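This report describes how the elements of one protein model are arranged and how they pack against one another. It begins with a single side chain and then widens to the helix contacts and the overall fold.

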Amino acid sequence: MSGRGPGSHATVRHGAVVVALVSAGLIAFEIVLMRRLLLECWHHFGFLVISAALLGFGASGTLLAVFARHVRTSPLASLRVFAGGFALCLIVMPRVAALVPLRVRVVPTELWEQAGWWAVYWLVMLVPFLLGAALIGAALMNAGTRAGRIYAANLIGSGA
């Protein structure tokens with residue numbers, strides 16, 4: 001296994017470093033998002049953040065299934081795209097979410113309007129988790145017999 005094809009040493013080495021950094025970034029983003037909602041809304045919306053993270057991770061499997069051929073033929077390019085998208089979303093999506101007019105205390109006549117805005121906020125915050133999880137999945141798809149190294153990097157990054 002030489003070169004830069006799926007399962008090659010170079011692909012796994014690059015993938016492990018990127019996966020560790022993205023895993024750390026995903027956990028940090030989740031914690032910051034919980035704290036932000038606590039400070040801005042005076043309420044702990046852990047369920048909202050955790051559900052966005054879980055759906056993002058689940059939806060990344062669909063994204064990878066749709067783009068499986070590209071992810072397998074161009075593993076490093078895929079890692080770059082997902083990493084760049086993830087980094088960009090960490091900067092852009094919180095700013096987009098700040099524009100959503102949320103209120104915690106809702107008058108009954110505004111219930112459906114606010115429920116819609118909360119759904120928009122939830123979908124916006126889901127995108128970084130989707131791209132970060134897609135990067136981890138793409139690295140695992142291309143690791144071949146060295147998938148244990150990628151998984152270990154994921155655990156180390158999450159634990160950091």
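## The surroundings of Ser-23

The side chain of Ser-23 lies 2.8 Å from the backbone oxygen of Val-19, and it also makes a polar contact with the side chain of Asn-154, at 2.5 Å. A polar contact here is a pair of N or O atoms within 3.5 Å, where within protein one atom must be able to donate a hydrogen and the other to accept it, and where residues adjacent in sequence count only if both atoms are side-chain atoms. Ser-23 belongs to helix 1, which covers residues 9-41, and its relative accessibility of 2% is why Ser-23 counts as buried (buried means under 20% relative accessible area, exposed over 50% and partly exposed in between, with a 1.4 Å probe and protein chains only). Leaving aside residues up to four places away in sequence, Ser-23 touches Ile-136, Asn-154, Gly-157 and Ser-158, a contact being heavy atoms within 4.5 Å.

## Basis of the model

The model is predicted, so that local features need pLDDT of at least 70 and side-chain atom pairs count only at pLDDT 80 or more, while totals for chains, interfaces and linings use all residues. Residues are numbered from 1 along each chain as its sequence is written, and side-chain values use heavy atoms, with hydrogens and water left out.

## Overall fold

The protein contains 6 helices and 0 strands, in the order α-α-α-α-α-α along the sequence; helices (H or I, at least four residues) and strands (E, at least two) are DSSP runs numbered from the N terminus. The C-alpha trace spans about 65 × 30 × 20 Å along its principal axes. Of the 160 residues, 41% are buried, and among contacts between residues at least 6 apart in sequence, 73% join residues at least 24 apart.

Helix 4 (residues 75-98) packs with helix 5 at an angle of about 165°, their axes being 9 Å apart; axes are lines fitted to C-alpha atoms, for helices over the stretch in contact, and angles run from 0 to 180 degrees between N-to-C directions. The two helices are therefore roughly antiparallel (over 145 degrees; under 35 is roughly parallel, 65 to 115 roughly perpendicular and the rest oblique). Their crossing is left-handed, meaning that the near helix is turned anticlockwise from the far one by less than a right angle, whereas clockwise is right-handed. The residues of this contact divide into 20 nonpolar, 2 polar and no charged, where Ala, Val, Leu, Ile, Met, Phe, Trp, Tyr, Cys and Pro count as nonpolar, Asp, Glu, Lys and Arg as charged, and the others, Gly among them, as polar.

The axes of helix 5 (residues 111-141) and helix 6 (residues 147-159) come within 8 Å and cross at roughly 155°, which makes helix 5 roughly antiparallel to helix 6. Here Ile-136, Ala-139 and Leu-140 of helix 5 meet Ala-147, Ile-150, Tyr-151 and Asn-154 of helix 6, and the contact has 6 nonpolar, 1 polar and no charged residues.

## Helix 5 with helix 2

The axes of helix 2 (residues 46-66) and helix 5 come within 6 Å and cross at roughly 50°, which makes helix 2 oblique to helix 5. The crossing is right-handed. Residues of helix 2 in this contact include Leu-48, Phe-57 and Leu-64, and those of helix 5 include Trp-118, Trp-122 and Met-141; by class, the contact has 18 nonpolar, 4 polar and no charged residues.
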